[in-house]
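Please consult the sequence and structure shown below alongside the text.

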Amino acid sequence: MLPILVKTLPFFALIAVGYLAGRKRFFPPEGVAWLTKFVFYFALSAMLFRFAANLSLAEIFDLPFVLAYLSASLLLYAAVMAIAMARGRGVEEAAMEAQCAQSGNTGFLGVPMLVVLLGAQAAGPVLMVLTVDMVVFSSLITLIITAARGGRPGLQTLHMLAMGWLKNPMVVSIVLGLIWSGAALPVPGPVNEFLGILGAAATPGALFAIGASLAGRGAERLGVAIWLSFAKLVLHPALVALAAFVIFPVDPSAAGVMVAAASLPVAGNVYILAQHYGVAPQRVSTAILVSTAASILTVTMIIAWITG
């Protein structure tokens, strides 16, 4: 495990540097917002497009892979919702807790880190996990909250979901990259190099932004946050491993990447959803903080297991 810890520590050290910069106000919240926007719309989008454009659809989409990840994630989602409702939480809060337990920081942490640690062949599986999270589970929380508030999902809801996908640069980058790849067009050398240079900024920028954003988070309702962090860091990868290695015929290499992606801490965009809907934002914020801190050990252990 120690050799893997040595490899993962630089990634988490970048998060720590960002956290210290934010904590000391050397990097103010306004700066964090603009850095995040640069990474989200430019650097990470360039990285994702470059990965997708240089891969075939068959290297990204695999039905047993999708079924394994989706079934394990839905099972966890339902279980966490049921436990929350048994604690007396309403449907909206229960769904938000389930979102915490399922949605990992695949975009800002998983894509840059796992491709480096697990090799270029990890790009396809990571992109598939990212796509399922963004398309399926970001839509699911919207539909649940809409229904809980007395709304009936219809054309307006579908339009809102579609616009959300179209405005998400990660979704757009992956789709455009796959279209380019499907057309069998080679990426011109200068364009590929440009995307490589811009995409290289995604790793340090994203990790620094994660740390700086954590600096403004307080720790309240710690007990619930610890439970949600346990569900995300331990239960999610365990269920995914069971589905990918035992139930569905997933390629072992891709299954390992899927488990590693499932082990990532709670995604920052869950907090954005919580704020948008006014549902348990402080609880979500604490879960992001706790899970990110604990993931230094848990992610390292899981990567050591799948590579060993």
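The structure is a predicted model. The mean pLDDT of the chain is 89, and 97% of the residues reach 70 or more.

**Confidence along the chain**
- Among the elements of the chain, the highest mean pLDDT, 97, belongs to helix α4 (residues 63-86).
- Helix α8 (residues 155-166) has the lowest, at 74.
- Where pLDDT is low, predicted coordinates should not be read in detail.

- The largest nonpolar core contains 98 residues, of which Met96, Met113, Leu114 and Met258 touch the most other members.
- Helix α7 (residues 123-148) gives the most to this core, contributing twelve residues.
- Leaving aside residues up to four places away in sequence, Met113 is in contact with Phe11, Phe12, Leu264 and Val299.
- In soluble globular proteins, nonpolar side chains tend to be buried together.

**Nonpolar surface patch**
- On the surface, Leu242, Phe245, Val246, Ile247 and Trp305 form a nonpolar patch, and their accessible area together is about 540 Å².
- Helix α12 (residues 222-247) supplies the largest share of the patch, namely four residues.
- Ile247 lies in helix α12.
- Ile247 counts as exposed because its relative accessibility is 55%, and the cut-off for exposed is over 50%.

Key:
Residues are numbered from 1 along each chain as its sequence is written. This is a predicted model: local features need pLDDT of at least 70, side-chain atom pairs count only at pLDDT 80 or more; totals for chains, interfaces and linings use all residues. Side-chain values use heavy atoms; hydrogens and water are left out. Patches are made of residues with over 30% relative accessible area and no salt bridge: like charges are joined within 9 Å, nonpolar side chains (Val, Leu, Ile, Met, Phe, Trp, Tyr) within 5 Å. Accessible areas come from the Shrake-Rupley method with a 1.4 Å probe; for residues, only the protein chains shown count as cover. A salt bridge is a side-chain nitrogen of Lys or Arg within 4 Å of a carboxyl oxygen of Asp or Glu. Helices (H or I, at least four residues) and strands (E, at least two) are DSSP runs, numbered from the N terminus. Buried means under 20% relative accessible area, exposed over 50%, partly exposed in between (1.4 Å probe, protein chains only). pLDDT is the predictor's confidence in each residue, from 0 to 100. A nonpolar core is a set of buried Ala, Val, Leu, Ile, Met, Phe, Trp, Tyr and Cys residues joined through side-chain atoms within 4.5 Å. Contact means heavy atoms within 4.5 Å.
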